[in-house]
Amino acid sequence: MMSIVIKTENVTKVFNPNLPNEVKAVTDISIEIENGEVVVLKGPSGSGKTTLLSLIGCMSRPTEGSIIVNGKDVARLPERFLTKIRQKTFGFVFQMFNLIKGVNVIENVMLPLYPTDAKLFVIKKRAEAILDKLDILKKRDFKTQSLSAGEQQRVAIARALINEPEIILADEPTAHLDTKLSEDLIKILRGLNEDRKTIIIATHDPFVYEKAFVHRIIEMRDGVIKNPTPQIIPYPENEVWDK
Ligand SMILES: Nc1ncnc2c1ncn2[C@@H]1O[C@H](COP(=O)(O)OP(=O)(O)OP(=O)(O)O)[C@@H](O)[C@H]1O
Ligand SMILES: [Mg+2]
């Protein structure tokens, strides 16, 4: 049965309120995302994709409105609860990978779990298993700056998965990848969705949003949603996957 994992109600985010450099980054956004969906936030640069993604991921708070994660309104929760929800619920894949230089691959992957009670050897085992699944285990002791873009991307994905999140948030995940690596990334995301993960991707890359594994495209422009009730894309429509 489908259930709603994310709901935003009339969410508005204003940066620098009441100052000359005030920006209304997103305005009055109400969306619902169901468990197991792959949703693309599409729109030109500056349209509010990253802002909405970071609101959904509890990395910033709305100026107005509610963000409901698994039935709980998180918009005004104290920071320590937000941190917990963030850690338990979301895996983040950023545009610039955000890996830590000078730290090796396995440590980068383990990082999100360091502030938890999980035992070190348990975290390490889990990190190794994920790196293996993404076919990058052989690089476990390499510093991340010595890896290729595609390898760094996979390390970033491994790190996003270490906490076994139910929702993956990816911001322009193909931005620094060529066609082949983008293809690999889509395959990885598709595999995660087959494991029932909900995936929300902010992108203006047609290579991503034209793929059949995307269920819904939410179009943004100037901080608002252009298609308030986006059609669900019929599942295997425009593409046959070679697995
Ligand atoms: N921390 C911030 N402080 C002030 N303004 C911001 C901040 N973050 C974003 N903005 C502004 O909010 C608007 C939306 O930005 P956002 O980063 O969400 O767009 P985007 O759709 O992700 O763009 P891109 O495709 O370039 O990544 C832009 O006008 C941007 O300049
Ligand atoms: Mg962005």
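**Largest pocket**

I sorted the lining of the largest pocket by class and got seven nonpolar, one polar and nine charged residues. In this count Ala, Val, Leu, Ile, Met, Phe, Trp, Tyr, Cys and Pro are nonpolar, Asp, Glu, Lys and Arg are charged, and the others, Gly among them, are polar. The model is a predicted one, in which local features need pLDDT of at least 70 and side-chain atom pairs count only at pLDDT 80 or more, while totals for chains, interfaces and linings use all residues. Residues are numbered from 1 along each chain as its sequence is written, chains are lettered from A and ligands numbered from 1 in the order in which they are written, and side-chain values use heavy atoms, with hydrogens and water left out.

I noted a volume of about 420 Å³ for the largest pocket. Its lining has 17 residues, and Lys133, Leu134, Leu161, Ile188 and Leu192 are the closest to the centre. The search runs on a 1 Å grid over the protein atoms alone: a pocket is an open set of points with protein on both sides within 12 Å along at least five of seven lines, a cavity is a set where a 1.4 Å probe fits but cannot get out, and lining residues have an atom within 4 Å of a point. Grid points are joined across faces, edges and corners, and a volume is the space filled by probe spheres set on the points.

I then looked up which elements line the largest pocket: α4 (120-133), α5 (149-161) and α6 (179-194) each give at least two residues. The largest share, five residues, is from α6. Helices (H or I, at least four residues) and strands (E, at least two) are DSSP runs, numbered from the N terminus.

**Second largest pocket**

I found about 350 Å³ of space in the second largest pocket. Of its 16 lining residues, Phe90, Phe92, Phe94, Pro112 and Arg159 lie nearest the centre. At least two lining residues each come from α2 (79-89), β6 (90-93) and α5. By class I have nine nonpolar, five polar and two charged residues here.

**Cavities**

How many cavities of 30 Å³ or more does a search of the whole structure find? I got two. The largest cavity has a volume of about 60 Å³. Its lining is Gly150, Gln153, Arg154, Ile157, Leu177, Leu181, Asp184, Leu185 and Ile188. Two or more of these residues come from each of α5 and α6. I class this lining as five nonpolar, two polar and two charged.

The second largest cavity has a volume of about 40 Å³. I list Leu55, Cys58, Ser60, Arg61, Pro62, Ile67, Val74, Ala75 and Leu82 as its lining, which divides into seven nonpolar, one polar and one charged.

**Single residues**

I looked up Ser54 in helix α1 (residues 49-56). Ser54 is buried, with a relative accessible area of 15%; buried means under 20%, exposed over 50% and partly exposed in between, with a 1.4 Å probe and protein chains only. Ser54 and Asp171 are 117 residues apart in sequence, yet 9.3 Å apart in space, C-alpha to C-alpha.

Asn10 has phi near 50°; it sits in strand β1 (residues 4-15) and is partly exposed at 44% relative accessibility. Asp28 has a positive phi of about 55°; it belongs to strand β2 (residues 23-34) and is partly exposed at 46%.
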